[in-house]
Amino acid sequence: MAKILEVLARRVWDSRGRPTVEAEVAVKGARGRAIAPAGASTGSGEAKSIDVGQAVHLVNSEIRSAFLGKTLEQETLDQLLLSLDGTPDKSRLGGNAIVAVSLACAHAAAAAAKEPLWRFLAGKRPVSMPVPQIQIFGGGAHAHGSMDVQDFMIICTGAGSFSESLEWTAEVYRAAGARLAKRNALHGVADEGGYWPAFKSNEEALAELTGAISDAGFEPGADIAIALDIAATQLWRDGRYHLALENRTLSTDQLHTMLLRWIERYPIVSIEDPFAEHDAEAMQSFTRTAGAKIQVVGDDFFVTDAARVRDAEGACNAVLLKPNQVGTLTETLACWRAAQKAGYGAIVSARSGETEDVSIVHLAVGWGVPQLKVGSFSRSERMAKWNEGLRIEESLGANKLPYPARKLFKARG
Ligand code: 2PG
Ligand code: MG
């Protein structure tokens, strides 16, 4: 196996105009490159990012010295990163330095094998395209709190392929924009490219999204369903959930009741982080009640940590996988394996601060993770990922591929 000849990092800029870490790893005749993303609604258990200048310096000094001459083998190198760091939260080398180097190693290994990353990761396993969750309205920490719920997304549950899902999404995105324009409420887009929210209540956004699905000529629930990320950790303060837009606070029970009512009224098939990260009991009770009907996803709740998934005791039935939330690729894969063992669904996810880096699309395809969340259907840091998915689908032969959308989400009217 190839030996590492060079490791380097530089400061680059993300979609929010903030600095981030780009790393490169080279072996003879091949090179891999990756950029660390950044979250805004972060879980307290996430790997800690450090000052970008310091992270770049540490890659170019300590990590480089430790890596030069080592065999390009992902698990061993990820283990080396963890032991060099030596902290439980990756705060010495920085989660941003670690994830950039770890991903760059994977790209270098794939390049050395002369394979696209997804194929290198899949090996001989058959692959299929993931089902996208695509944001239409962005709120929460991605829109200065101007709406409480963070992500109003669609899942094209009736689509027959990845590319068809994108075609349908384009129609809904356009229809949602037209509805806002008609009300003089089109104010640009939030951090992930979803329309900036101009609604009187969170529920109004749900009604508008359902209306946009219909306007675009689809049947809500049968063709296209709704997925929400409540990102409820952001709403929790002094023992209550604060809905600032509606000028009211809710107890845990009241939030539970409100979400159940939304599920009854709107074609919702997935809810992420319905309760705050510390509230395992509320998550368990919600999943007991709603979990047979919908996907309940843990993001801040799991922070891509395999041990948390193993200890969840039915708190969710699906896991969000974000490599930078845990640090290394090996740990991210361990979390996906823990999810599979628990019978959970999984979604590879981008962050709200992104770049042109498309690694996550390759991870979803290569590891066989059935869903992918990238943000909305605008802004090139998002479109770069959807477009990379189209290239992968094309190289796989789109019409021969099984597409799991209909199976994952039974049509709901
Ligand atoms: C999330 C992500 C993406 P952030 O909460 O799922 O929507 O946001 O990267 O800000 O954590
Ligand atoms: Mg989330």
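User: Let's start with ligand 1. Which side chain has an N or O atom 2.9 Å from one of the ligand's oxygen atoms?

Analyst: That is Q150. Keep in mind that this is a predicted model. To read such a pair as a polar contact, check that the two N or O atoms lie within 3.5 Å. An oxygen of ligand 1 also sits 3.1 Å from a side-chain N or O atom of E192, and for K373 the distance is 2.7 Å.

User: How much of the ligand's own surface does the protein bury?

Analyst: Compare the ligand taken alone with the ligand in place. By itself ligand 1 exposes 310 Å², of which the protein buries 99%.

User: Happy to look at the surroundings next. How many residues surround ligand 1, and which are closest?

Analyst: There are 16, with A40, H142, R351, S352 and K373 the closest. Sorted by class, the shell has eight charged, five polar and three nonpolar residues. Domain 1 (4–114) and domain 2 (131–409) each supply at least three residues to this shell.

User: And how do I read the empty space in the model?

Analyst: A probe the size of a water molecule, rolled over the atoms, shows where space is left empty. Here the largest pocket has a volume of about 470 Å³. Its lining consists of 19 residues, and Q74, E75, L121, L333 and W367 lie nearest the centre.

User: Which elements give two or more residues to that lining?

Analyst: Those are α2 (74–85), α3 (95–112), α4 (117–122) and α11 (329–341). The largest share, seven residues, belongs to α11.

User: What classes of residue line the largest pocket, and which domains do they come from?

Analyst: The lining has twelve nonpolar, four charged and three polar residues. At least three lining residues come from each of domain 1 (4–114) and domain 2 (131–409).

Definitions and conventions. Residues numbered from 1 in each chain as written. Chains lettered and ligands numbered in written order. Predicted model: local features only at pLDDT ≥ 70, side-chain atom pairs only at ≥ 80, totals over all residues. Heavy atoms only, no water. Near = heavy atom within 4 Å. Polar contact = N/O pair within 3.5 Å; in protein donor to acceptor, adjacent residues only side chain to side chain. Areas by Shrake-Rupley, 256 points an atom, 1.4 Å probe, with all protein chains shown as cover. Nonpolar A, V, L, I, M, F, W, Y, C, P; charged D, E, K, R; others polar. Domains from an automatic or database assignment. 1 Å grid on protein atoms, 1.4 Å probe; cavity = no way out; pocket = protein on both sides within 12 Å on 5 of 7 lines; lining within 4 Å. Points joined across faces, edges and corners; volume = space filled by probe spheres on them. Helix = DSSP H or I, 4+ residues; strand = E, 2+ residues; numbered from the N terminus.
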